[in-house]
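Here are some friendly notes to read alongside the model. Please keep the structure open as you go through the points.

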Amino acid sequence: MRPNTAGWLFAAPALTVIVVFFGLPVLAALALSLTDFDIYALADIGNLRFVGLGNYATLLQTPLFWKSLGNTLYFVLVGVPLSVALSLGAALLLHSKLGRFKGFFRTAFFAPVVTTVVAVAVIWRYLFHTRYGLVNWGLSSLGVEPIDWLGDPAWAMPTIILFAVWKNFGYNMIIFLAGLQSIPEDLYEAARIDGASRWAQFRHVTLPMLGPVMLLVGILTMAGYFQLFAEPYVMTQGGPLESTKSVLYLMYEEGFKWWNLGNASAVAFMLFVLMVGVTSGLLWFARKRGVE
């Protein structure tokens, strides 16, 4: 048997699963986005009409779509840097030779990642309750008036961002920790011999060596944060005043609340195009800076 043929035969089961459970649904959703498939089409397929790019044109003229897109971009632009910075800081602390109880803290920091989002979101909703929440109780002891964290449009999204960063930074921390452990100690020793301070070592040794890892973490975090849904669904239901409604939340409402499945599919592909564009931009910037 030729090597190429043997390779395709070994890969065939996995490729079949990918095609059946990913490729075909994606193509079906793309076809659905070009129709006006709704609850009437569910009752009688004869009601289905081909509308081409009409769903996409309607979305671009819908204020709610732009509102949801703005909320999602706000969440990504603020949440991703915070998550990356916090995870890198935690990894540096755990990698430090002066650290103690590293196994305990590694487990404690990673625990929120494997905890159910819905269960933890419910707990956080009570922690930030206006009257009975532990957060406002702590602030009141400092003389600060209670804040309506999840009921005020100015505070709702920052609260969700704080929750998402706390929930997800442990995963990135593990990746950063692996990257830090792969940096040769000889580089730090040479830097110390040259008189480099700790900040200079971090800036000129640690950050350049972590370039590929940081790119990976940035892309993974960005992709996950663009798919914001569970947090606002449980904590705010998209409110107040739609200040926490994300693009994915809009897709959910279009598809499973109003049964406009054609519009929902169009929203999904608009989000896909946006994510591809941002990821391509990050990769272009990384290549320009020499990160591979």
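1. One aromatic cluster is made up of W124, F128, W149, W155, F163 and W166. This is a predicted model, in which local features need pLDDT of at least 70 and side-chain atom pairs count only at pLDDT 80 or more, while totals for chains, interfaces and linings use all residues. Residues are numbered from 1 along each chain as its sequence is written, and side-chain values use heavy atoms, leaving out hydrogens and water.

2. The structure holds 21 aromatic pairs (rings of Phe, Tyr and Trp, the last by its six-membered ring, with centres within 6.5 Å; planes under 30 degrees apart are stacked, over 60 edge-to-face, the rest tilted). Among them is the tilted pair of F105 and F109, at 6.0 Å centre to centre and 40° between the planes.

3. Why are F105 and F109 separated by about one helical turn? They sit 4 residues apart in helix α5 (residues 102-110); helices are DSSP runs of H or I with at least four residues, numbered from the N terminus. F105 is partly exposed, with a relative accessible area of 34%, and F109 is partly exposed at 25% (partly exposed lies between buried, under 20%, and exposed, over 50%, with a 1.4 Å probe and protein chains only).

4. W124 and F163 pair edge-to-face, because their ring centres are 5.3 Å apart and their planes stand at 65°. W124 belongs to helix α6 (residues 117-127) and F163 to helix α8 (residues 153-181), so this pair ties together parts 39 residues apart in sequence. Both W124 and F163 are buried.

5. Lastly, look at L15 in helix α1 (residues 3-32). L15 is partly exposed, at 34% relative accessibility.

Methods
Helices (H or I, at least four residues) and strands (E, at least two) are DSSP runs, numbered from the N terminus.
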